[in-house]
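Here is a brief report on one structure.

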Amino acid sequence: MKFRYLLILLISISSIAQETPQDYSFSMEEAIKFGLENNYSSVNAQKDIEIALKQKWEIIAQGLPQVSATADYQNYLKQPVTLLPAEITGGEPGTFTPVTFGTQQNVNATATWNQLIFDGSYIVGIQSARTLLQISENAKTKTDLEIKKAVINAYGNVLLAEENVAILEKNVENVQKNYDETNEIYKNGLAEQEDVEQLEITLLNLKNNLSRSKRMRDIAYEMFNLTLGIPVEIPVNLTEELDNLAMEYFDLELLQKEIPVEENIDYRIAANTAESREIEVKLEKSKALPSLTGFLNYGVQGFSQEFTFLNEDQEYFGQSILGVSLNIPIFSSGMRSSRTQQKQIAYEQAMVELEQTENEVKRQINSAKSDYEFSLENYQNQKKNLELAERIENKNQIKFFEGIASSFELSEAQRQLYQAQQDFLQSMLDVITAKVELENLLDTRKYNNED
């Protein structure tokens, strides 16, 4: 009996363990890989490629043999009557004799083979299938690049939020200590009340900022989970540190990298659009060509006054037809010409947009390089500013307790330090985000089926 209870307990514990949400731990590269596989947009972009593959076969199949079959069963509950001149049957001239033709029941089964022999629009359709697939593949590549950028930004925002909370907690601890010491000195009559109140204001502001930063940290984690395709309530652990990550993204050689603008994903997408418009022009022109189709069918018919169609002695009569159909467009009152001109104008618009995209991509690359270079310089400057602000705050704190500096001077030095801390954290994140922006513009990857 004890063994039975023990077994039930172990099963219950096992079930609870299986229901516990999985914990995730990510480095930056692991987060990017996970996001590319599980992000909602990435999953749907992959399904768009699968749809495009099916559409490609749908277009190809239109020119392959098509076989269909029909079967009809008819039971005349009341057979139609035809009136014949009575003299045919020896009756009185001028009168009519009612006659019923055929049997009360009949079955007709036919199988038909249709084959497209020539159709200009089908040839153009085959060309469009390749472009359609390229559009979906380039869209997937663009989605992956955007997801990579989103994951890196979300990862950096979480690290920034964590660092911000840690710094504010340390600041609160330091100011709380200063406040307590100053308050004791005030109680002993060796300090002004204004000094205590000034420190209390700084302390309250820091606590408010800390409370807000903790909420922002929670939001940053939820955004990170959402970007990776993980339920927002599941905890995650990030193994990188912001300063180390910023140094990893410190790459001056990237500023010298050049690519042909035609390899940029935005340009390739615009080129796909132009190619699609060109195919639409060809499609309209092809509609002026004749089309030729062939067919072959074979069928059987059975007749009976009663339902005997499943009997072995039921007699069936066969029939078969072989034929071709030629359709020649001759005159459309200018309708086809108007449609072709519309598509030609749309193609010209696409070519203008392609040229615009080429120049826009060049501008974006130059701008991204400038932003990345500035972020590297700003990181170095903010690092020096932080070191100076720390020294200034430390000197003012010593002077304050020695009675040389006022509480206002100490407060100003502290505010300067806190701002320098925020600016330095932001500069590290800016290095990361500016680099991924430039990398995406210089990325020449193409969709691979193995991806």
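Helix H5 (residues 193-228) supplies the largest share of the nonpolar patch, four residues. The model is a predicted one. The patch covers about 580 Å² of surface. Tyr40, Met216, Ile219, Met223, Leu226 and Val232 make it.

Leu226 sits in helix H5.

Next, the strands. S5 (residues 105-118) takes part in both pairings below.

| Strand pair | Sense | Bridges | A bridge partner pair |
|---|---|---|---|
| S2 (residues 66-75) and S5 (residues 105-118) | antiparallel | 10 bridges | Ala69 and Ala111 |
| S5 and S7 (residues 291-304) | antiparallel | 13 bridges | Leu116 and Thr293 |

Ala111 is the S5 residue that bridges to Ala69. On the S7 side, Thr293 is the partner of Leu116.

Now the annotated regions. An unreviewed UniProt entry lists residues 158-216 and 340-396 as "coiled-coil region". How far apart are the end C-alpha atoms of residues 158-216? They lie 9 Å apart, in a span that is 92% helix and 0% strand. Residues 340-396 are 100% helix and 0% strand. Their end C-alpha atoms are 79 Å apart.

The record's range 158-216 ends at Met216, a residue of the nonpolar patch.

Note on methods:
Residues numbered from 1 in each chain as written. Predicted model: local features only at pLDDT ≥ 70, side-chain atom pairs only at ≥ 80, totals over all residues. Heavy atoms only, no water. UniProt positions renumbered as here; feature names shortened; annotations may be inferred. Helix = DSSP H or I, 4+ residues; strand = E, 2+ residues; numbered from the N terminus. Pairing = 2+ DSSP bridges. Patch = residues over 30% accessible without salt bridge, like charges linked within 9 Å, V, L, I, M, F, W, Y side chains within 5 Å. Areas by Shrake-Rupley, 256 points an atom, 1.4 Å probe, with all protein chains shown as cover. Salt bridge = Lys/Arg side-chain N within 4 Å of Asp/Glu carboxyl O.
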